[in-house]
Amino acid sequence: MKDLKAVILAAGKGTRMKSDLPKVVHTIEDKCLVDYAIDAAIGAGAQEICLVVGYKYEIVHERIAHQEVTFVLQEQQLGTGHAVKCARDFLGESGSTMILFGDTPLITADTLRRLSDYHEQHGNAVTVLSAMADDPTGYGRIIRDQNGLFVKSVEHKDASEKERASHEINSGMYIFDTKALREALEQITPNNAQGEYYLPDTLTIIKEKGLKVDAFALEDAEDITGVNDREQLKAAAEVIRRRQQ
């Protein structure tokens with residue numbers, strides 16, 4: 001894909017890691033979590049990469065292997081939409097933008113290439129990377145109509161009982177038409193249970209403009225699994241070691 005940039009969200013403290021270090025610099029096989037996401041983005045064809053950093057950002061800058069990335073500071077953590085807004089200047093006016101997380105070391109270049117190909121082939125303004133999960137508790141849900149077409153993405157806290165019955169989860173990873181993303185970011189509001197700016201709200205805004213919004217569903221949620229605590233770090237390390245064999 002031509003003119004592809006990636007924005008990787010890496011500002012969180014990660015309190016459940018029980019560590020003073022920013023979550024994204026915890027390591028698996030001597031490699032920072034965020035470096036796995038950067039490698040996947042590069043492998044998928046991203047020509048420029050921006051890390052949105054916050055908590056102890058100097059340590060992130062110092063420890064990651066990829067020093068060629070752009071750093072943008074998110075001083076207050078006001079949600080994923082706010083984080084991407086902080087990277088507005090990096091986005092530019094054209095091309096495509098991939099949004100990833102710095103704490104998902106299992107994401108692969110192959111999966112991101114498939115997402116990118118699907119996005120391009122279907123002429124989407126935005127494509128969500130989703131996955132089918134046995135237990136979707138806590139995740140945002142992808143809601144589809146009776147024809148299987150994308151309706152919306154809704155956070156678990158804001159979902160109705162019927163919406164929570166969906167087992168298709170939003171990974172929080174996307175590929176956007178950059179122009180559509182920039183315009184939608186200006187319209188999101190913190191009108192939700194958390195009082196935050198949610199990036200998924202841009203999907204509704206883009207859809208209401210008559211542009212195509214879709215979700216590319218993985219059959220298995222392994223690639224999109226995040227690391228929030230020591231147990232999940234250990235589990236991710238086992239997957240990475242298995243893949244290296």
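**Ser153, overall fold and some local details**

User: Leaving aside neighbours within four places in sequence, which residues is Ser153 in contact with?

Analyst: In this predicted model, Ser153 is in contact with Arg141, Ile142, Asn170, Pro200 and Leu203, once its neighbours within four places in sequence are set aside.

User: Which of its contacts involves a polar pair between side chains?

Analyst: The side chains of Ser153 and Asn170 are joined by a polar contact of 2.9 Å, and Asn170 is also among the residues listed as contacts of Ser153.

User: And where does Ser153 sit, and is it buried or exposed?

Analyst: Ser153 lies in strand β9, which covers residues 150-154. Its relative accessibility is 10%, and because buried means under 20%, Ser153 counts as buried.

User: Stepping back, how many helices and strands are there in the protein?

Analyst: The protein has nine helices and 11 strands. Its radius of gyration is 17 Å, close to the 18 Å that the globule rule gives for 245 residues, so the protein is as compact as a globular protein of that length. The C-alpha trace spans about 45 × 40 × 35 Å along its principal axes.

User: What fraction of the contacts with a separation of 6 or more comes from residues 24 or more positions apart?

Analyst: Such pairs account for 72% of the contacts in the protein with a separation of 6 or more.

User: How far apart are the mean positions of the positive and negative charges?

Analyst: There are 29 positive and 39 negative charges in the protein, and their mean positions are 2 Å apart.

User: Switching to α1, how many of its residues are buried?

Analyst: Helix α1 runs over residues 33-43, and eight of its 11 residues are buried, so the helix is largely enclosed by the rest of the structure. The buried residues of α1 include Leu33, Val34, Tyr36 and Ile38, and Asp35 is one of them too.

User: What follows α1?

Analyst: α1 is followed by Gly45, whose phi is positive, near 105 degrees. Further on, Gln47 is placed in the loop between α1 and β4.

User: What does Gln47 touch?

Analyst: Not counting residues up to four places away in sequence, Gln47 touches Met1, Lys2, Asp3 and Leu4. The side chain of Gln47 reaches the backbone nitrogen of Leu4 at 2.8 Å and the backbone nitrogen of Asp3 at 3.4 Å. Gln47 and Asp3 are 44 residues apart in sequence, while their C-alpha atoms are 7.0 Å apart in space.

User: Which residue other than glycine has a positive phi near 55 degrees?

Analyst: That is Glu29, which is placed in the loop between β2 (27-28) and β3 (31-32). Most residues other than glycine have a negative phi. Glu29 is partly exposed, with a relative accessible area of 41%.

User: And what about Lys56, where is it and what is its phi?

Analyst: Lys56 is not a glycine, yet it has a positive phi of about 45 degrees, and its place is in the loop between β4 (48-53) and α2 (57-63). At 34% relative accessibility, Lys56 counts as partly exposed.

Notes. Residues are numbered from 1 along each chain as its sequence is written. This is a predicted model: local features need pLDDT of at least 70, side-chain atom pairs count only at pLDDT 80 or more; totals for chains, interfaces and linings use all residues. Side-chain values use heavy atoms; hydrogens and water are left out. Helices (H or I, at least four residues) and strands (E, at least two) are DSSP runs, numbered from the N terminus. Buried means under 20% relative accessible area, exposed over 50%, partly exposed in between (1.4 Å probe, protein chains only). A polar contact is a pair of N or O atoms within 3.5 Å; within protein, one must be able to donate a hydrogen and the other to accept it, and residues adjacent in sequence count only if both atoms are side-chain atoms. Contact means heavy atoms within 4.5 Å. The radius of gyration is taken over C-alpha atoms; the globule rule is 2.2 Å times the number of residues to the power 0.38. Lys and Arg count as positive and Asp and Glu as negative; His and the chain ends are not counted. The place of a charge is taken as NZ of Lys, CZ of Arg, CG of Asp or CD of Glu.
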